[in-house]
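Dear colleague,

Please find the structure below, together with its sequence.

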Amino acid sequence: MNVVDARGLSCPQPVLMTLEEIKKTNQGEIKIVVDTETSKENVCRAAQSQGWQIKDIQEQGEDFYITIVKG
Amino acid sequence: MQGMKNFFASKWGIISVGAVIGILAPLLQKWGNPGNMGVCVACFERDIAGALGLHRAAVVQYMRPEIIGFVLGSLVAAYLFGEFRSRAGSAPIVRFILGVFAMIGALVFLGCPWRAMLRLSAGDWNALFGIAGLIVGIWIGTIFFRLGYNLGRSQKTYSSVGWLLPLVMVGFLVLMFIFPQVQGEPKSGVLFYSIKGPGAMHAPVLISLLVGLGIGFLAQRSRFCTMGAFRDLILFKQTHLFFGICALLLAAFITNFILGQFHPGFAHQPVAHTMELWNFLGMVLAGLAFALAGGCPGRQLFLAGEGDGDAAVFVLGMIVGAAFAHNFGLASSPKGIGPHGAAAVVIGLLVCLFIGFTMRKKSA
């Protein structure tokens, strides 16, 4: 599975990186790691706007592991 | 609290926060704040720089409690919802310089993006040039994002790092209580106060502080950002944050209309000038600096409140930028731009382009 590590990056980098990966991957699963609630919300909103679904969000320490899926 | 958390991240959440700001800002004007300046992050940070004596422009010196409230309200919200994350170390010197020039650009126009919206909502059509400039500046910023511009990662750090700017704000508040304004006096203890001009116009201290705390709380929850609104629209065609500023504009227009504060026209608008080109270019500079720094001046205060030490450096850059703006004759007045305002805008744009072009990572 492709992993995007956007921890420590400020807006709009986490969303930009997610959308770039979505463009490359087309379908399947992508895991995105972020470390703020804001980035989590923004990444989820962006993924959903591209027709991807949020499969799972796991909180580990201060990080969020978001798994998105399509197809 | 979970339901509330989800609500503010929703479309209606951001719309309601924009509307609340749009109602409260004209009310603050009614209660004493300067014309079309119920809330202005740039102007109010400039007034704080004046209150501290960092510049000595006699008409703009006041320790604005709204700014203090923004940071502390955000801090409270961040702690209540478990979102306080102390972090720092993402190109702080760059953020400081961007803060300096963002402030200079905003003071050539005479307002931050919030005030640009408030000026428009009260019929000051000069704001149209400022908002057009803001959009163009942010658009230039999005080109840099597409080219790989990135200030690098911040690091998690001690909680106390994130506490420093909120503590500075507490310090400012304490100073204000120890040295309160004395009617007709330009100084009280170590603090400077304006006897006339915009700095002398303010709502009662406790009302300003309470409104600031409320807006800080709500904006932290909703991630309200005027720069992000246009950036996301241009970069991702996302309308989420944009709905927020539309709600602010509409609510402020209705409130101004009801309060008799709507006066359409170009000439004789409060704390505004009619030099279209510099209204436009000032905000091109501000918009570009906000975009490169990742948030409008309000958002930077809210981020600083939730522990972002880099946003705190941007805020300090803005306060220092305000001091330069008035000491060097860069800031505008109702008569027009300052003697060196035009040069400062050109230099600021060159600095932002230098930052944008040189701080790029090739995509992996």
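**Interface of chain A and chain B**

Four salt bridges are found across the interface of chain A and chain B. One of them joins D5(A) to R153(B), whose closest N and O atoms lie 3.7 Å apart. Please note that the model is a predicted one.

On the side of chain A that touches chain B, three elements each supply at least two residues: the helices α1 (13–25) and α2 (37–49), and the strand β4 (63–70). By residue class, that side of chain A comprises nine nonpolar, six polar and 10 charged residues.

As to extent, 25 residues of chain A are in contact with 24 residues of chain B. The size of an interface is often expressed as the accessible area that is lost when the parts come together. For chain A and chain B, the buried area is about 2,100 Å², of which 47% is on carbon and sulfur atoms.

**Salt bridges over all chains**

Over all chains, the count of salt bridges comes to 17. An example within chain A is the pair E21(A) and K24(A), with 3.8 Å between the closest N and O atoms. These two residues are three apart in helix α1 of chain A, so about one helical turn separates E21(A) from K24(A).

**A nonpolar patch on chain B**

Chain B carries a nonpolar surface patch of about 640 Å². The patch is made by W139(B), I143(B), L147(B), V346(B), L350(B), L353(B) and F357(B). Two helices of chain B, α7 (126–146) and α15 (341–358), each supply at least two of its residues. The largest share, four residues, comes from α15(B); V346(B) is found in this helix.

**Two backbone features**

Which peptide bond in chain A is cis, with omega near 0°? The bond in question runs from C11(A) to P12(A). P12(A) is located in the loop between β1 (2–5) and α1 of chain A.

In chain B, attention is drawn to N36(B), which has a positive phi of about 50° although this residue is not a glycine. N36(B) also lies in a loop, in this case between α2 (11–30) and α3 (41–51) of chain B.

Yours sincerely

Notes:
Residues numbered from 1 in each chain as written. Chains lettered and ligands numbered in written order. Predicted model: local features only at pLDDT ≥ 70, side-chain atom pairs only at ≥ 80, totals over all residues. Heavy atoms only, no water. Contact = heavy atoms within 4.5 Å. Buried area = accessible area lost by both parts, 1.4 Å probe. Salt bridge = Lys/Arg side-chain N within 4 Å of Asp/Glu carboxyl O. Nonpolar A, V, L, I, M, F, W, Y, C, P; charged D, E, K, R; others polar. Patch = residues over 30% accessible without salt bridge, like charges linked within 9 Å, V, L, I, M, F, W, Y side chains within 5 Å. Areas by Shrake-Rupley, 256 points an atom, 1.4 Å probe, with all protein chains shown as cover.
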